[in-house]
Amino acid sequence: MNRSAGVLLAVSSLPSRFGIGCFSKEAYQFVDWIREAGQSYWQILPLGPTGYGDSPYQSFSTYAGNPYFIDLEALIEEGVLTAEECERVDFGKRAGTVNYKKLYTGRFLLLRKAYERSDISRNPAYQTFVAENAWWLHDYALYMAVKGRFAGRPWTEWAEDIRLRWEHALDYYRRELYFDIEFQMYMQFVFFKQWNALKAYANQKGIQIIGDIPIYVAMDSADTWAHPELFQLDGENTPVAVAGCPPDGFAADGQLWGNPLYRWEYHRQIGYQWWIQRMDYCFRLYDVVRIDHFRGFDEYFSIPYGDKTAVNGHWEKGPGIELFRRIEAAIGWRAVIAEDLGYMTDSVRHMVWESGFPGMKVLEFAFDARDTGCASDYLPHNYPENSVAYTGTHDNETVTGWIQNISQEEREMTRQYMCDAYTPDDKLYLPFIGMVMRSRSNLCIIPMQDYLGYDNSARMNQPSTVGKNWKWRLKGTELTRKLQERMLRMAKQYGRN
């Protein structure tokens, strides 16, 4: 990985006409814009269909794509939708915000119309897609169709016969929901057709895509329903234990994520084939893969199922470097970013070092009044070359919001470190970006909100909260020539262009 720079922006945050960022012409324009701004990478958030809380990290499938990202204008050009039909749908009136409730009620009705007019079963490209992806697509499409039949309830609340996948029940629902299943497969066909075209365009323009995958799958997902043997579930497919994080200075009760934990001994017995298949699939979609919560491969936090907090959890050993040795032997060396944030032990550090993957350095973590030394791993002068430097991630405050909320003592620490006593607080995001850009890290990724200097009204996610996240969008007018020139100038100045 050469010395370079990139931008973090979720696909959902792109501007577009119909309620959410998608694979529309605005996505192609964004690729052109960041290329001319001297950037080489576009980091996105997970592309899967979102579940609880609209979080891309709680997806209904490890493999499926989010139908929200399908470009409706392309379907208008294809003739399966009309512009009038799309314009009549209320996607919300605020251009800078995703209204998920209206999106859910409006977009799927349009996509269903497109499917019914498509005569998709006769399309040879569709037939090829279904055949090549049958290993995950059939389970996913059936799962989503049955979920619709049960009014969207999680599979753990379905009737026993289909919840436990009895053969006669599977046959019944495949017949009963034939067209609903085909509709789900149609949406996946269109999604991947459009995504592959956008990625090919980005690569042609010299932009590499950094994809993002969560270490865990959602409990309410096709993966858990179709393959319960992979997870720590009992004979009734109820979790024995679930994932989370222990109590710390930020969360007195810890974090209870609720994801099913892997049955790592079983994965070892089958040669880690599920993980090999998952990573191989990811590298068909992305050029680089960021793995969320990388430390969970060394040790994972196990919380008894049914607990309301994480206080009774404990650490268990994960597969360690063995997993990645098996993946590399099967699919070769691939570009991975290890999200190694949070509480780090010597064994986690050693695993990251053994893997050879670059870890992450987040500048916002560097200035803590409780730590007055200069040895913090997050101070830019300590970044190794084999790392990816960020001002913040999708889980952090924006830099401007963070500056507004830290203590005066911490604000003074940042100014002393930068030797900057004069820049106004509302402009401090610029020298912050400069600090990251001139670090030794081979790759530097800046959230688009930080380049724009926005406060926390543009924050993407606040962990452990529901209902206010994943909504921020560009309006379309912010990507100015002046900002582009500033980004290009910084990329050149710090040898990242």
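1. Basis of the note. The model is predicted, local features need pLDDT of at least 70, side-chain atom pairs count only at pLDDT 80 or more, and totals for chains, interfaces and linings use all residues. Residues are numbered from 1 along each chain as its sequence is written, and side-chain values use heavy atoms, with hydrogens and water left out.

2. Helices H4 and H9. Helices (H or I, at least four residues) and strands (E, at least two) are DSSP runs, numbered from the N terminus. Two packed helices are described by the angle between their axes and the distance between the axes. For helix H4 (residues 100-118) and helix H9 (residues 178-204), the axes come within 10 Å and cross at roughly 100 degrees. Axes are lines fitted to C-alpha atoms, for helices over the stretch in contact, and angles run from 0 to 180 degrees between N-to-C directions. H4 and H9 are therefore roughly perpendicular to each other; angles under 35 degrees count as roughly parallel, over 145 as roughly antiparallel, 65 to 115 as roughly perpendicular and the rest as oblique. On the H4 side, Phe-108, Leu-111, Arg-112, Ala-114, Tyr-115 and Ser-118 take part, and they meet Phe-179, Asp-180, Glu-182, Phe-183, Tyr-186 and Met-187 of H9. The residues of this contact comprise eight nonpolar, one polar and three charged. Here Ala, Val, Leu, Ile, Met, Phe, Trp, Tyr, Cys and Pro count as nonpolar, Asp, Glu, Lys and Arg as charged, and the others, Gly among them, as polar. Contact means heavy atoms within 4.5 Å.

3. Helices H5 and H6. The axes of helix H5 (residues 124-132) and helix H6 (residues 134-149) come within 6 Å, with a crossing angle of roughly 95 degrees. This pair is therefore also described as roughly perpendicular. H5 contributes Phe-129, Val-130, Ala-131 and Glu-132 to the contact, and H6 contributes Ala-134, Trp-135, Leu-137 and His-138. Six of the residues of the contact of H5 with H6 are nonpolar, one is polar and one is charged.

4. Helices H16 and H17. Helix H16 (residues 408-418) and helix H17 (residues 429-437) have axes that come within 11 Å and cross at roughly 55 degrees. H16 and H17 are therefore oblique to each other. Their crossing is left-handed, a term for a near helix turned anticlockwise from the far one by less than a right angle, right-handed being the clockwise case. Thr-414, Tyr-417 and Met-418 of H16 meet Pro-431, Phe-432 and Met-435 of H17. The residues of this contact are five nonpolar, one polar and no charged.

5. Asp-223. This residue is in helix H10 (residues 222-226). Is Asp-223 buried or exposed? Asp-223 counts as buried, because its relative accessibility is 7%; buried means under 20% relative accessible area, exposed over 50% and partly exposed in between (1.4 Å probe, protein chains only). Beyond its neighbours within four places in sequence, Asp-223 is in contact with Phe-60, Ser-61, Thr-62, Tyr-63, Val-217 and Phe-231. A polar atom of the Asp-223 side chain lies 2.9 Å from the backbone nitrogen of Thr-62. The C-alpha atoms of Asp-223 and Ser-59 are separated by 9.8 Å, although the two residues are 164 residues apart along the chain.

6. Ile-34. Helix H1 (residues 25-36) contains Ile-34, which is buried with a relative accessible area of 0%. Apart from its neighbours within four places in sequence, Ile-34 is in contact with Val-7, Gln-39, Tyr-41, Trp-42 and Ile-207.

7. Ser-355. This residue lies in helix H14 (residues 346-355) and is buried, with a relative accessible area of 4%. A polar atom of its side chain is 2.7 Å from the backbone oxygen of Val-352. Not counting residues up to four places away in sequence, Ser-355 touches Phe-294, Ile-321 and Trp-333.

8. Positive phi values. Arg-165 is not a glycine, yet has a positive phi of about 60 degrees. Arg-165 is in the loop between helix H7 (160-163) and helix H8 (167-176) and is partly exposed, with a relative accessible area of 22%. Asn-237, also a residue other than glycine, has a positive phi near 60 degrees. Asn-237 lies in the loop between H10 and strand E4 (241-245) and counts as buried at 11% relative accessibility.

How values were computed
Polar contact = N/O pair within 3.5 Å; in protein donor to acceptor, adjacent residues only side chain to side chain.
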